[in-house]
Amino acid sequence: MPVKTIVEPELHDGELLQISFEKRALRMKVRDLDGLDRVMYVTGLLNMRLDNLRETNTIFDVVVYSGTDCPAN
């Protein structure tokens with residue numbers, strides 16, 4: 001079960017522009033529906049699942065799991 005689905009900023013149908021790692025943190029540059037470029041940082045990351053990428057890198061949703069709530073797949 002997800003701990004948190006990111007709803008602010010609105011990223012559904014937004015665009016994933018870049019993924020990188022900086023100083024032990026995941027950095028994701030995204031463009032929201034208003035066309036604003038935003039940077040999200042995730043620290044303390046042990047595992048990451050990024051799937052269903054398509055040609056346009058359109059974001060369906062961003063879900064954050066924690067501890068035993070993380071799905072096996």
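The structure is a predicted model, and the values below were computed from its atoms. The protein chain holds 0 helices and 5 strands, so that, because helices and strands are numbered from the N terminus, its elements can be read off from that end as β-β-β-β-β. Of its 73 residues, 21% count as buried.

**The sheet and its hairpin**

- An open sheet is formed by 3 strands in the order 2-3-4, and the pairing within this sheet is antiparallel.
- Strand 2, which covers residues 15-22, and strand 4, which covers residues 37-43, are the edge strands, since each of them pairs on one side only.
- From one strand to the next, the twist of this sheet averages 20 degrees.
- Strand 2 and strand 3 run antiparallel and are joined by 7 bridges, and among the residue pairs that face each other here, L16 has V30 in strand 3 as its bridge partner, while E22 stands opposite A25 in strand 3.
- These two strands, strand 2 and strand 3, form a hairpin with 2 residues between them, and K23 in the turn has a positive phi of about 45 degrees.

**The nonpolar core**

- The largest nonpolar core has 8 residues, namely L11, L16, L26, M28, V30, M40, I59 and V62.
- Strand 3 gives the most to this core, with 3 residues.
- L16 and V30 are both members of this core, and they are also the two residues linked as bridge partners between strand 2 and strand 3.
- I59, another member of the core, touches L11, H12, D13, G14, E15, L16 and V30 when residues up to four places away in sequence are not counted.

- R27 sits in strand 3, which spans residues 25-31.
- The side chain of R27 makes a polar contact of 2.8 Å with the side chain of Q18, and another polar contact, of 3.4 Å, with the side chain of E22.
- R27 and E22 also form a salt bridge, in which the closest N and O atoms are 3.4 Å apart.

**Salt bridges across the structure**

- The side chains of R31 and E15 meet in a salt bridge of 3.6 Å, N to O, and because R31 lies in strand 3 and E15 in strand 2, the pair ties together parts that are 16 residues apart in sequence.
- R31 is partly exposed, with a relative accessible area of 30%, and E15 likewise counts as partly exposed, at 31% relative accessibility.
- R38 forms a salt bridge with D32, and the closest N and O atoms of this pair are 2.8 Å apart.
- In this pair R38 is partly exposed, with a relative accessible area of 32%, whereas D32 is buried, with a relative accessible area of 7%.
- Salt bridges that share partners join E15, R31 and D37 into one network.

**Distances along the chain and in space**

- Among contacts between residues at least 6 apart in sequence, 41% join residues that are at least 24 apart.
- C70 lies in the segment after strand 5, the strand made of residues 63-64, and C70 is partly exposed, with a relative accessible area of 42%.
- C70 and M48 are 22 residues apart in sequence, and their C-alpha atoms are 10.0 Å apart in space.

Methods:
Residues are numbered from 1 along each chain as its sequence is written. This is a predicted model: local features need pLDDT of at least 70, side-chain atom pairs count only at pLDDT 80 or more; totals for chains, interfaces and linings use all residues. Side-chain values use heavy atoms; hydrogens and water are left out. Helices (H or I, at least four residues) and strands (E, at least two) are DSSP runs, numbered from the N terminus. A polar contact is a pair of N or O atoms within 3.5 Å; within protein, one must be able to donate a hydrogen and the other to accept it, and residues adjacent in sequence count only if both atoms are side-chain atoms. Buried means under 20% relative accessible area, exposed over 50%, partly exposed in between (1.4 Å probe, protein chains only). A nonpolar core is a set of buried Ala, Val, Leu, Ile, Met, Phe, Trp, Tyr and Cys residues joined through side-chain atoms within 4.5 Å. Contact means heavy atoms within 4.5 Å. Two strands pair if DSSP finds at least two bridges between them. Axes are lines fitted to C-alpha atoms, for helices over the stretch in contact, and angles run from 0 to 180 degrees between N-to-C directions. A salt bridge is a side-chain nitrogen of Lys or Arg within 4 Å of a carboxyl oxygen of Asp or Glu.
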